[in-house]
Amino acid sequence: MKISFAKSALPTSGAYVVGVLADKTLTPSAQAVDEATGGALTRAMGAARFEGKAEQTLTLLAPAGTDLDKVIALGLGEAGKLDASAWQAFGGSACAALSGDKEGSIAVDAIEGCPLAGDDAAANVGFGALLRSYRFDKYRTTEKKDDKPRLSKLHVLTDASGAKKAFGALEAVAEGIFLTRNLVSEPANILGPEEFAKECRKLEKLGLKITVLGEKEMTKLGMGSLVSVGNGSVRESQLVVMEWNGGKNGDAPVAFVGKGVCFDSGGISIKPAGGMEDMKWDMAGAGVVTGLMKALAGREAKVNAVGLIGLVENMPSGTATRPGDVVTSMSGQTIEVINTDAEGRLVLADVLTYAQKEYKPREIIDLATLTGAIIIALGSEHAGLFSNNDALSQAITEAGTATGEKVWRLPLGDAYDKQIKSDIADMKNVGGREAGSITAAQFLQRFVKDTPWAHIDIAGVTWSKKDTATVPKGGTAFGVRLLNALVETRYEKG
Amino acid sequence: MAQLDLTFTAGALEEDSSGALVVGVWEGGNLSAAARALPCATALDRAVAASRAFTGKAGQTLTVHAPAGVAWNRIVLAGLGPYDGVDDGAATAIGAELGAVLEGTASLDLGLTPALAARCAQALRLRAHRLPDLRSIRPADEAPPLARVTLRVADPRAAEDAWAPLRAVAEGIELARDLVAEPANRLTPQTFTERARALEPLGVAVEVLDAKALEAQGLHLHAAVGRASVHPPCLVILRWRGGGDGKPALLVGKGLTFDTGGLSIKPAAGMEDMKGDMGGAAAVLGTLHALASAKAPVNVTGLLALAENMPGGNAWRPGDVLVSHSGKTVEVIDTDAEGRMVLADALSWGCATEQPSAVVDLATLTGSIVVALGGHHAGLFCTDPDLAAALRSAGQASGEALWPMPLTPAVDDDLRSAIADLLQCAPAGSGAWGGKLLPDALHAARFLSHFVPEGVPHAHLDIAGTAERKEAAGPCPAGPTGFGVGLLCAWLGVASNG
C-alpha cells in the first residue's frame, strides 16, 4: 500500500475518512462534510448511536451533495488523549475501514489540546495505517480477489507541511516490523537457521555488517550449550551478528540478543501435539532483533548497536541431546539438561557470553519467547521484564508505555536462583513449575557479568488471535517499536 | 500446646546443668565479653578455630557440649556479625537460628539492647513454634521442645515493653499457622468459628452469619460454594475498635476449610494440601488476635469467608448462574474456582456494611500466582498507589514480601459471559499455546475488583505460593507460614520496624 501526503481539502472522489471527537464533536473536516451533505452526518450519528469513541466507525454511502463513494466517520476519542499511539490507532482503524476501497483519503485536522499535533500527528496516522495494512498471504494461492483487501493508495490530508518527512523515519520502522512479522509467520519448513541467516545477509545493502558463524566455528569457540540444542536436527545451527555503527566511532554498542528457535518440537522432551504448530514462531526474539536492526539502519539511527541471534532447530532424533546430559557453555559453566524443551535459555546463554566477550556492550537486552509460565503469569497484555538494573528497567518500561508494547517487571533474587542448583553440574536448565519465568531469567543472569542487562520474555505477546488497530492478528513483532523507542530516548539522545 | 516461657532478666544467669548457655561471637571469631568471661573461654576459642563453617556471621551457631569448668551441659556460640553492628535484621537472624537449634531450657547472654533482644526473642519464638501434634506415639530419643528461655538484658523493663507488641504479633502468626495445619475433619467452618469466638475475651466483637443468614442477606455465591457440605458455610465478622470513631480498615480472608474442587474435582495427587485453603482467613484471624492483644489504637473489621467445597447431589454446577450480594450475576465455569466466589460476596457485604477506609483481602487463590512468583513473593493486585506502596513497605519490614502484579481492564474480555454479567473464570482451552495457558491470577484479581465499590482503595493478596513453605527460612519453620499477619500488623502500625 502506498501512502502519500496532501493538503487538506474535501476530496472529489473515492472514500474519505474524517475524525469525530468524543461526544460527537466534529473536527473541521467532519464539519465540512456535514455542511456539504446538508447535515447528513449529524443525523446519521444520532441514528447509529455513534459517540465518537476511539475506533468507533460510521459509514455514509454515496452521500448526497458530494461525489464521494463513501464517507467514514471515525471516532478519535478525547482530544486530551491523542498521543502517538492514539493517532496510530486512528490511522490503523481507517485502513481497516477502507479495506474494500481501492483508494482512500484520511483527514488529519489540527485539534486543540491534543498532546501530539502537526507533522507528527499526520505522520503517525500514516504509520498506523501502514502497520494495519500488513497481510501475510503468500501461501493463499486460491483466495478470490474479492476476498483480498483492495486498498492500494491512501492519502493523508493535512495542513502540516513536514508530515511526509516525519513519516520517513516511521516508514523505516514499519519496514523493520514487516520483516519481523514475515520471519515470524514463515513456516519452519521454509525458514530454518540457514534460511534465516540468508534473510539477515540481505540487510547488508542497508549498511549493516553481517557475520554468520556455523556450527564448526561455534564449537571451536566452546558454545557447547547452543550447539547441543541443534544436535537433533539435520539443519545446521547459526549465529548471526548484525552491526550498525551510526553513532560515534569507538562508542560501546548496545547489544540486542534474540532467541531464534526456528522450530521447537521440544526435542526428546517432546511437546504435546495440541498447539505445537505455534512453535514455528519460537524464533520471534531473533525476528524482533533482526527487524529492529533493519529499522535502525533504515532510519540511520545515531547509535552503535549490535544484534546477535542464535538460530537453531530443536528436534528429537538419534543424535539429539538427552535429559540428563551435561553440556559446557562458552563461559565455562556446566549445565545439566533436565528438560530438552527448556532450550531457549541454552541458546541465549552462549550468545550472551559471546556478545560480552566480542563487543563489550554498554548494555544488553535480550528477547525470547522463553516460557509458557509468563503467559500464566501475565497473559497477553504485558511482556515480562527482568533486569539487574533499575534505570534500564525503568527506561524499557517507559518506552513500552509510550509505544503500547507494554512490559511488566518481575523479580529476580538468590532465593529463586537456588531452584536451578544441580547435583552434578553448575546449574540445571529448569527450576520446576514454581516461578518458571523467574528461574529462566535467573539462568540467563548467570551468563551476564557486570553489564546492565534486561531480559524480555515475549512468549505471551508475540502472536495475537485478534486484530487490534495497528496489529493484524498473527505475528505482532512486539518489541521492535518498544526497542526502537528505547534507542531513541536512551542511546541517541544520551 | 505448651507455651514457650520467655523472660528477661538483668541478673547473673544461674548455671543450669540441664540447659544451654548462649553467648555471642563477633564475625571473624572474637568471643564477646560474656563468652570471654567464662572459665571455658579457651576451649571456646579452640572450638571456633576448629570449625570451618562457623565464622561468626549473624545466623550461624556452633554448639560446644559439656565444656570443662562450667556446669552448663552445652554452650551455644551465636554469631553476632560485624563487631558492634547488630541491627534488627541481624537480631532476627540470630533469634531464628537459635529457635532452630535450642531445646529444653536455654539462657541467652548476648549483650543485646532491649529492643534488639525483643526482636531476637520474636524470631526465636516463631522459629521454635511447634504445630499441633496429633501423634499418639513419640520416639523416645526425640529432642524435647524448647520450653523455657531467659534473656539477659541490662534493662528488663524496657525489653518487656518492646516485647509486648512483638509477642502479640508472634501469637497471631502462630495462631494462623496452627489453623492452616489443622486437618479439615477437625477444622470445619463451625470449629473455625469457635476459634474466632475465642477472641471475645480480648475485646473483639464477633458476629456470625450462618448459611441461612447468608442466603437471606443475598450472599448467594458464598452460600452456593458451601452448599454440598454437611458443614455449612458461614461468614464470621470480627470487629476490633481500638481507634475511636474513624472508619475501619476491612480485612477479608478466604476460608475454604477444605477444597475438593467440587464437581470440577481436583486430581487426587496433592489434594491433602487443600486443608490449607483457608490460609487467608487464618491470617485475618491471626491479625485480629494480634491487634486486640496489643490493644492497637486502630479500627479494623475482619471477615472470614468460611466454607467447605464438596461434590454432592446438592452441589453448585458449572454453567449455573448465581446472583451475588452486589446484584451482579455470575456464570460458573469451574467449581474449583470457588475462592473468588466467597470473596466476592464478602467484599461486597463488607464494603456495604462497614463503609471501610480501605480493604485488603488475602487468599490462597490461584495456582497461576505460584507459576508466576513462586514461594518468595505474594502477588499484590492494587490500583491505589498509596495503599500498594504502604503494603509493600509493610511487607518488607515484616519479611513478608509482596510483588505488584497488573490489574487492568484488558482481561475483562476474557470474563465476558453470554448470559450473565461476568464469567467466574476463563474457560479451559481459551488460553494460548493450545489453550492451556491462562493468566488465572489476573482473571481472579480483576473478577474481585468488580465487587468492590469504586472509590474504596482495595488490595488483593494472592498468597497461594507463600502460605506454606517446604524448607525453613529465618523465623519461619517448614510448613504453614502465617503469611500476612506480620505485614498486616506492620501496615496497621503494630510492632513495625524502626
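How many Å should the 14 residues of helix 3 (residues 84–97) of chain A span at 1.5 Å a residue?

At 1.5 Å a residue, helix 3 of chain A should span 20 Å, and its end C-alpha atoms are 20 Å apart, which agrees. The expected span of a helix is 1.5 Å times one less than its number of residues. Helices (H or I, at least four residues) and strands (E, at least two) are DSSP runs, numbered from the N terminus. Helix 3 of chain A is mostly covered, with 14 of its 14 residues buried. A residue is buried if 20 or more other C-beta atoms lie within 10 Å of its own, exposed if 12 or fewer, and partly exposed in between, with C-beta atoms placed from the backbone.

In chain B, helix 4 (residues 114–128) has 15 residues and should span 21 Å, which agrees with the 21 Å between its end C-alpha atoms.

## About the model

This is a predicted model, in which local features need pLDDT of at least 70 and side-chain atom pairs count only at pLDDT 80 or more, while totals for chains, interfaces and linings use all residues. Residues are numbered from 1 along each chain as its sequence is written, and chains are lettered from A and ligands numbered from 1 in the order in which they are written.

## Chain B as a whole

Chain B has 14 helices and 19 strands. Its radius of gyration is 24 Å, close to the 23 Å that the globule rule gives for 498 residues, so chain B is as compact as a globular protein of that length. The radius is taken over C-alpha atoms, and the globule rule is 2.2 Å times the number of residues to the power 0.38. Along the principal axes, the C-alpha atoms of chain B fill a box of roughly 80 × 50 × 45 Å.

Of the 498 residues of chain B, 56% count as buried. Among contacts in chain B with a separation of 6 or more, 79% join residues 24 or more positions apart. Two residues are in contact if their C-beta atoms, placed from the backbone, lie within 7 Å.

## The nonpolar core

A nonpolar core is a set of buried Ala, Val, Leu, Ile, Met, Phe, Trp, Tyr and Cys residues joined through C-beta atoms within 7 Å. The largest one has 337 residues, and Leu77(B) and Ala305(B) touch the most other members. Helix 5 (residues 156–181) of chain B gives the most to this core, with 13 residues. Not counting residues up to four places away in sequence, Leu77(B) touches several residues, including Val23(B), Ala35(B), Leu44(B) and Thr61(B).

## A buried strand in each chain

In chain A, five of the five residues of strand 18 (residues 453–457) are buried, so strand 18 is largely enclosed by the rest of the structure. Trp453(A), His455(A) and Asp457(A) point one way, and Ala454(A) and Ile456(A) point the other way. Strand 18 of chain A pairs in the parallel sense with strand 14 (residues 363–368) over five bridges, and Ile364(A) stands opposite Trp453(A). With strand 15 (residues 383–387), strand 18 of chain A pairs in the antiparallel sense over four bridges, and Leu385(A) stands opposite Ile456(A). Two strands pair if DSSP finds at least two bridges between them.

In chain B, strand 17 (residues 458–462) is mostly covered, with five of its five residues buried. His458(B), His460(B) and Asp462(B) point one way from this strand, and Ala459(B) and Leu461(B) the other way. Five bridges join strand 17 of chain B to strand 13 (residues 358–363), and the two run parallel. Strand 14 (residues 378–382) of chain B is joined to strand 17 by four bridges and runs antiparallel to it.

## Two residues with positive phi

Most residues other than glycine have a negative phi. Glu55(A) has a positive phi near 75 degrees and lies in the loop between helix 2 (40–47) and strand 4 (57–61) of chain A. With 18 C-beta neighbours inside 10 Å, Glu55(A) counts as partly exposed.

Ala66(B) has a positive phi of about 35 degrees and is found in the loop between strand 3 (61–65) and strand 4 (74–81) of chain B. Ala66(B) is exposed, with 12 other C-beta atoms within 10 Å.
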